[in-house]
Structures are given as C-alpha cells and as structure tokens.
Amino acid sequence: MNRGVPRWAKVAIAAFVVVVVGAVGGPYVYIHFVEGKAPAPLSVNTSTSPAAATSPETTSSSETSSSSVDGTWSVGSGSVVGYRVHETLLGQSNTATGRTSSVTGSLTVAGDTVTSGSFSADLTSVASDKSQRDHQFQGRIMNTATYPTATFKLTQPIALGSEPADGVTVTKQATGDLTLHGVTKSITFAVSVKKTGSTIAASGSVPILFADYDIANPSFASTVTTDDHGTLEFLLSFTRS
C-alpha cells in the first residue's frame, strides 16, 4: 500500500516554496527590474556635465581658453548635490540616491588660486525615486524641518598651479567646513575642475560617516538595512558673476 505524502503536506510545502521564492525573488525583481539602476556618480567628465553642454555661450570666440578666470563665479543652473548610500532590501543589494538642484554659492579666483568659496544646498528638496525613502530622509534621518540646509565653506585656498586650459580636467584637494544636521566638521576631499568656454564645472564626492554628524542610520525596520556611511556628491556649474 502506497501511503505517499498527504495532500495537506504537499499544499503546505508548495505554500512554503511560494513564500520563499517571493521573499527572495520579489526584492530581486523589484530592485533590478522595477526600480532600475542607480544613476552614475556625478562628474565633470560625464556627458551630463553642465560644462560639457554645447551652446552659443560656451563656444563664443570671445570666451577662449586663454581668457582669465580671475573674479567671482556663481553657482548656476545644472548644478546638483545629493547622496549615495548602499542599502540591502531583504538580502538584495541596491544603491540609493537622492538629489537636489536647489544649490547656491560662489567662489573667487585670483591668478592660479581659488581664494574663497561657500555653498549651500536645500535639503528639503532632496528627492529619490521612492517617496517612502524621501519621507524617511526628510524626517527621522535628516530632520530637515530643523536642519533644512547643508553648507560648505572653503577654509584653505586651492592652488591650481596654473589657470586650467579649456576642456582639461584638473583635480586638486579642497579643505573646508561642512555642516550637516547641525554639526560642523573640517573635511578634505578631491575636487575635479573643468573649464569649458565661459563655464567652470566642479565635481567631487565626500565620504560621510553618519555618526560623525549625529545622523540616524537610514536602516528601516527589518526590511531595509544600510551601511553606517554614505557619500555626499556634487556637480556644480559656475558662471562669472
């Protein structure tokens, strides 16, 4: 007599398999096919760089590679500041990004030296591709109602060595005070600069350890976990004031 496996047991096993496949496969499908790939890091050397755009302004013969960059340069349209954080959703790896174009500031150049600079980003306008993530960012993580802006002020001049040639990327070290979540820290990081016609673009990324700025870890419940650090990235487009 072949007793076999009871029907109820088969149903239970099938249900378990469905749950397991859904728990593992669901997040995989969501991250890799629904949510999509995270945008590339901000850089003056990408095709989306504001300084790389072709326009009458950037190709004018009156603005050549030999023109002096002395003076004050203000942050213009096309500038972006944002974050990049590694997260894990039910075992599946993902890169979360949020960005804002609400950026202001300026820098001053004298000869071959950037003598001063200060910048501010409106964190209340930072947005990702998911409203739930944005709600967490604006609320318990960054508390933008209390700390609505991130600021950076250059505290040491940047020696360029020589005025940058048109279309050539120059990378230097920048040192200044970064204020996030009401906490100010002195930081040093690499910044890449490229002049194209009448526009100067600058990009860089700054590693941020959340605890250093009293920022709550972005991990949410048991479904989404993140690293204890992330990256602040920027791409600024400057025009002469």
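## Basis and overall architecture

Two residues are in contact when heavy atoms of each lie within 4.5 Å. The model described here is predicted.

The protein chain contains three helices and twelve strands. Of its 241 residues, 39% are buried. Among contacts between residues at least 6 apart in sequence, 67% join residues at least 24 apart. The chain exposes about 12800 Å², and carbon and sulfur atoms supply 59% of that area.

Arg140 belongs to helix 3. Because its relative accessibility is 38%, Arg140 counts as partly exposed, the range for that class lying between 20% and 50%. Leaving aside neighbours within four places in sequence, the contacts of Arg140 are with Ala216, Asn217, Pro218, Ser219 and Phe220.

Asn217, one of these partners, is 77 residues from Arg140 in sequence, yet the two C-alpha atoms are 9.3 Å apart in space. A polar atom of the Arg140 side chain lies 3.1 Å from the backbone oxygen of Asn217. The side chain of Arg140 also forms a polar contact of 2.4 Å with the side chain of Gln136.

At least two lining residues come from each of helix 1 (7–35), strand 2 (80–89), strand 3 (92–100), helix 3, strand 11 (224–226) and strand 12. Strand 2 gives the most, with seven residues. By residue class, the lining divides into 21 nonpolar, nine polar and five charged residues.

## The enclosed cavity

The structure holds one cavity of 30 Å³ or more. About 510 Å³ of space lies within the largest cavity.

Which residues lie nearest the centre of the largest cavity? They are Phe119, Phe152, Phe189, Phe234 and Leu236, from a lining of 33 residues. The lining divides into 28 nonpolar residues, four polar and one charged. Strand 4 (103–110), strand 5 (113–122), strand 6 (149–154), strand 8 (169–180), strand 9 (183–196), strand 10 (199–209) and strand 12 (229–240) each supply at least two residues of this lining. The largest share, six residues, comes from strand 5.

## Thr113 in strand 5

Strand 5 also includes Thr113. At 18% relative accessibility, Thr113 counts as buried, because its value falls under the 20% limit. Not counting residues up to four places away in sequence, Thr113 touches Thr108, Pro157, Ile158 and Ala159.

How values were computed:
Residues numbered from 1 in each chain as written. Predicted model: local features only at pLDDT ≥ 70, side-chain atom pairs only at ≥ 80, totals over all residues. Heavy atoms only, no water. Helix = DSSP H or I, 4+ residues; strand = E, 2+ residues; numbered from the N terminus. Buried < 20%, exposed > 50% of the residue type's maximum accessible area, 1.4 Å probe, protein only. Areas by Shrake-Rupley, 256 points an atom, 1.4 Å probe, with all protein chains shown as cover. 1 Å grid on protein atoms, 1.4 Å probe; cavity = no way out; pocket = protein on both sides within 12 Å on 5 of 7 lines; lining within 4 Å. Points joined across faces, edges and corners; volume = space filled by probe spheres on them. Nonpolar A, V, L, I, M, F, W, Y, C, P; charged D, E, K, R; others polar. Polar contact = N/O pair within 3.5 Å; in protein donor to acceptor, adjacent residues only side chain to side chain.
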